[in-house]
Amino acid sequence: MQPIPEIEEIVGKFRAGEAEVARRFFEDKRPLSQHLDWLRFQVAREARNLEEIASHQRCELVEQVDRSVSRETLVDQLTEDYQEVRHYGMLAYIYEGISGERVQWRELRETAQQASWYELSRREHRRWAEIKAGGSELELAAALFTRGGGGSLFYGMIPLRGGDYEEALSRASKTILRDEIEHGASEGREDLYRLVRGKDDVETASRIIAEMGAIRLEMRNEQYGKPMPEERLQEIREGGIAPVTMEEMLSACPRDGEDWFEWYHGKRKPLSATSIR
Ligand SMILES: [Fe+2]
Ligand SMILES: [Fe+2]
């Protein structure tokens, strides 16, 4: 599969934009409440697979294997579930580690579905649903190609250092980025590239990717309490940013076999932190 430069470039630029939001957030010390805000939002997103499992969607999938669902579809789904549950687990522990509050995924998901702080995440999901219902196969594949942003937010947090909070995030970010590349960007790319047949298709895909990228960039900026001024967001939407390539992301997150949970439980609570005021 030959990468299509125009498409790779747009995706890479929005990736860099999301990473910049996280990076800017951690450039200044901020009150604990702002740290809890971004984490609560992220934990709610990562808990989606838990909700799907609890509502028996996986049981239904298993019932269909060897009939309308292939075995590898099930393996892919369970891999994603395993990885997303791990993301939820790490970030929920980090939230508890800096706040002393307990996280309950079910309550958090229910709250998020109504809460104003979750509106932009709902907007992203609504747009996917619209394209799924009314768009072409190509448009849907382009919209889903950006799903999870390929973990680019986490790419921005890998360099964090300071206290145990920053180190916990950096270590978790490596795992999450690697997982997201595995179950998100790489698969989405193949699905999209299969459907791109000519110049018009490249244009259509680029337009949808830019639209979803802009929604996500705004969502990330809100999630972190707007560390980026509107002018910078505009600049990024217009292409004024160096793209982050897939190779750069991959080399930032080698699988090291570390047991994050064991590491976390060995740290004193509350976690020490240098970025919390
Ligand atoms: Fe995730
Ligand atoms: Fe994911």
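This is a predicted model: local features need pLDDT of at least 70, side-chain atom pairs count only at pLDDT 80 or more; totals for chains, interfaces and linings use all residues.
## Helix α1

Helix α1 runs over residues 5-25. It has 21 residues. From first C-alpha to last, α1 reaches 30 Å. That is close to the 30 Å expected at 1.5 Å a residue.

Burial is the other point about α1. Of its 21 residues, 15 are buried, so α1 is largely enclosed by the rest of the structure.

## A47, between α2 and α3

A47 sits in the loop between α2 (32-46) and α3 (48-54). Is this residue, A47, buried or exposed? A47 is buried: 25 other C-beta atoms lie within 10 Å. The cut-off for a buried residue is 20 or more.

Leaving aside residues up to four places away in sequence, A47 touches Y88, W105, L108 and R109. A141 is another matter. A47 and A141 are 94 residues apart along the chain, and their C-alpha atoms are separated by 24 Å.

## Helix α11 against α7

Helix α7 (residues 119-134) packs on α11 at an angle of about 165 degrees. Their axes are 9 Å apart. Angles over 145 degrees count as roughly antiparallel, and α7 and α11 are therefore roughly antiparallel to each other. The crossing is left-handed.

From α7, the contact uses L120, S121, R123, E124 and R127. From α11 come M212, I215, R216, E218, M219 and E222. By class, the contact of α7 with α11 has 6 charged residues, 4 nonpolar and 1 polar. In general, an α-helix has 3.6 residues a turn, so residues three or four places apart point the same way.

## Helix α11 against α12

Helix α11 covers residues 199-223, and helix α12 covers residues 230-237. Their axes come within 11 Å and cross at roughly 155 degrees. That makes α11 roughly antiparallel to α12. The crossing of α11 and α12 is right-handed.

Definitions and conventions:
Residues are numbered from 1 along each chain as its sequence is written. Chains are lettered from A and ligands numbered from 1 in the order in which they are written. Axes are lines fitted to C-alpha atoms, for helices over the stretch in contact, and angles run from 0 to 180 degrees between N-to-C directions. Helices (H or I, at least four residues) and strands (E, at least two) are DSSP runs, numbered from the N terminus. Angles under 35 degrees count as roughly parallel, over 145 as roughly antiparallel, 65 to 115 as roughly perpendicular and the rest as oblique. A crossing is left-handed if the near helix is turned anticlockwise from the far one by less than a right angle, and right-handed if clockwise. The expected span of a helix is 1.5 Å times one less than its number of residues. A residue is buried if 20 or more other C-beta atoms lie within 10 Å of its own, exposed if 12 or fewer, and partly exposed in between; C-beta atoms are placed from the backbone. Two residues are in contact if their C-beta atoms, placed from the backbone, lie within 7 Å. Ala, Val, Leu, Ile, Met, Phe, Trp, Tyr, Cys and Pro count as nonpolar, Asp, Glu, Lys and Arg as charged, and the others, Gly among them, as polar.
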